[in-house]
Amino acid sequence: MPPKTPEDPEQNPYDLLEISQEATEAEIRTAYRTRSLKVHPDRNRNDPNAAQKFHALTTASTLLLDPLRRLALDAQLRLQAAKKQRFASYDNKRKVMVSELEEREKEFKKARMAKEQERTARESENTRIREEGRRMREQREKELELQELERQCARTKSESNGIVEEESLAPPPPSDLDTTIRIKYALSSCPALSTASALTAHLRRYGEIDEETVVMSQKAKKSKKSKGLVDGEMIVTALVPFNQLGAAFAVVSSAESLKERGMDVAWAGGSEPPILGWLRERGELRGPAANRAEPLPTKPTPEGTTFGSFPSSFPALDDVTPPPPPAAKAGIDYESLTLLRMREAERARLEKEILEAEATEGG
């Protein structure tokens with residue numbers, strides 16, 4: 001900070017030159033010469049303020065060597081000394097008043113600062129409360145959204161379970177082969193069952209059968225020792241559709257007892273119809289409703305005895321009378337004719353399936 005000039009009341013030129021106010025001109029010059037040599041910039045190169053100090057000494061010396069300016073300076077210094085003396089003579093009461101005023105001023109500033117701090121703290125608390133409320137509101141909204149989402153998921157899952165349960169309880173679609181069984185036997189074992197009508201009559205004890213839809217095929221098979229067949233033996237394969245599912249199930253359930261008598265019984269579709277599984281799950285399927293298998297009928301020979309599986313016991317071809325064809329119904333209406341045609345188409349399809357199965361087995 002540069003030194004103050006002599007014009008500044010706080011910087012006394014007499015103090016700069018270290019002389020009294022009663023110093024003569026010669027004393028001023030001697031003091032200036034002595035002081036200036038000490039602060040001259042050439043001798044104080046390391047002091048950055050040396051030039052300013054030297055300038056201040058020069059200004060003070062010039063001012064004191066000017067009688068008029070020194071006169072004004074002396075008057076100013078006397079006024080300052082008088083003011084200091086006057087303030088020093090203040091009584092204790094005025095000093096107390098000034099002190100109280102200053103103390104009151106400090107308290108006021110302190111109170112104002114405290115009030116400002118309180119206002120700032122209150123605003124900060126209000127801001128914090130608003131932020132906390134906003135955060136709690138957002139959290140509550142998220143919780144409500146999550147609960148609603150969980151309810152929707154639970155509702156969807158419940159509906160899905162209900163749909164799955166309904167689908168699992170729904171019965172499978174019906175099939176054309178649900179009530180149709182496939183019977184295969186050697187004609188030598190069941191010579192009396194050489195016609196569809198005879199086979200229908202034999203199986204009718206299990207349930208009603210539409211004889212017109214029964215499909216029967218006879219084919220000579222090559223011998224197979226594992227099955228005990230004879231060369232050229234006739235194998236009968238028949239598809240028998242029952243009117244009711246329970247009757248067909250009763251026949252298949254009696255497959256073991258029928259197999260002991262030479263008849264191989266199975267479902268026409270190759271596996272159990274799905275509707276039976278559905279009925280079994282609901283407890284509606286109790287078991288075979290058919291009677292116990294009865295002995296297979298035999299056909300009497302001309303000698304009055306029954307013939308078995310030996311060719312010598314077979315009747316002559318002239319003695320075998322084919323069954324009469326069904327009598328034509330007079331006055332068949334359109335609905336009956338349509339039903340008859342549908343049965344014939346179903347019969348043709350079943351015959352084709354039998355031929356394909358036999359061709360596969362023969363291959």
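**A walk through the predicted model**

Of the protein's 363 residues, 25% count as buried. Buried means under 20% relative accessible area, exposed over 50%, and partly exposed in between, with a 1.4 Å probe and protein chains only. This is a predicted model, in which local features need pLDDT of at least 70, side-chain atom pairs count only at pLDDT 80 or more, and totals for chains, interfaces and linings use all residues. Residues are numbered from 1 along each chain as its sequence is written, and side-chain values use heavy atoms, with hydrogens and water left out.

Start with the overall plan. The protein has 10 helices and four strands. Along the sequence they follow the pattern α-α-α-α-α-β-α-β-β-α-α-β-α-α. These elements are DSSP runs, numbered from the N terminus: helices are H or I with at least four residues, strands are E with at least two. Among contacts between residues at least 6 apart in sequence, 65% join residues at least 24 apart. A contact means heavy atoms within 4.5 Å. The accessible surface comes to about 26000 Å². Carbon and sulfur atoms account for 54% of that surface. Such areas come from the Shrake-Rupley method with a 1.4 Å probe.

Glu18 sits in the loop between helix H1 (13–17) and H2. Its phi is near 60°, a positive value in a residue other than glycine. Glu18 counts as exposed, at 57% relative accessibility.

Next comes a helix pair. Helix H2 (residues 25–39) packs against helix H3 (residues 50–65) at an angle of about 175°, with the axes 10 Å apart. H2 is therefore roughly antiparallel to H3, a label for angles over 145 degrees. Axes are lines fitted to C-alpha atoms over the stretch in contact, and angles run from 0 to 180 degrees between N-to-C directions. The contact includes Ile28, Tyr32 and Val39 of H2 and Phe54, Leu57 and Leu64 of H3. Its residues divide into eight nonpolar, three polar and four charged.

Move on to strand E3 (residues 233–241), which holds Thr237. Thr237 is buried, at 2% relative accessibility. Leaving aside residues up to four places away in sequence, Thr237 touches Arg182, Ile183, Lys184, Val215, Met216, Ser217, Ile354 and Glu358.

Finally, look at the cysteines. A disulfide is a pair of cysteine sulfur atoms within 2.5 Å. By this rule the count is zero. Cys153 is partly exposed, with a relative accessible area of 47%. Cys190 counts as buried, at 1% relative accessibility.

Terms used. Parallel < 35°, antiparallel > 145°, perpendicular 65-115°, else oblique. Nonpolar A, V, L, I, M, F, W, Y, C, P; charged D, E, K, R; others polar.
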